[in-house]
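Hi,

Here is the structure I promised to pass on. Have a look at it first, and my notes follow just below.

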Amino acid sequence: MKEYTVANILDLLETVGEDKVSFALSDFSCPGNAEIEDFIHK
């Protein structure tokens, strides 16, 4: 079973900054839902 960590994106932005959050999410993939993937990338 995979283990996941839930994080508030606003807290991440405040803690590490937009550049690091954008970089971390740049390789996000959701083959089952292209709309979610598009939302995260844009």
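Predicted model: local features only at pLDDT ≥ 70, side-chain atom pairs only at ≥ 80, totals over all residues.

Leu 13 sits in helix α1, which covers residues 9–16. Together with Ile 9 and Leu 10, Leu 13 makes up a nonpolar patch on the surface, and the three share about 270 Å² of accessible area.

**The largest pocket**

The largest pocket holds about 260 Å³ of space. Its lining consists of Ala 7, Ile 9, Leu 12, Lys 20, Val 21, Ala 24, Leu 25, Asp 27, Phe 28, Ser 29 and Ile 40. Two elements, α1 and α2 (18–25), each give two or more residues to that lining. The largest share is that of α2, with 4 residues. Sorted by class, the lining has 8 nonpolar residues, 1 polar residue and 2 charged ones.

**Charge pairing**

Side chains of opposite charge can pair when their charged atoms come close. The count here is 1 salt bridge. Asp 38 and Lys 42 form a salt bridge, with 3.2 Å between the closest N and O atoms. Asp 38 is partly exposed at a relative accessible area of 38%, while Lys 42 is exposed, with 79% relative accessibility.

Best wishes

Conventions. Residues numbered from 1 in each chain as written. Heavy atoms only, no water. Patch = residues over 30% accessible without salt bridge, like charges linked within 9 Å, V, L, I, M, F, W, Y side chains within 5 Å. Areas by Shrake-Rupley, 256 points an atom, 1.4 Å probe, with all protein chains shown as cover. Salt bridge = Lys/Arg side-chain N within 4 Å of Asp/Glu carboxyl O. 1 Å grid on protein atoms, 1.4 Å probe; cavity = no way out; pocket = protein on both sides within 12 Å on 5 of 7 lines; lining within 4 Å. Points joined across faces, edges and corners; volume = space filled by probe spheres on them. Nonpolar A, V, L, I, M, F, W, Y, C, P; charged D, E, K, R; others polar. Buried < 20%, exposed > 50% of the residue type's maximum accessible area, 1.4 Å probe, protein only.
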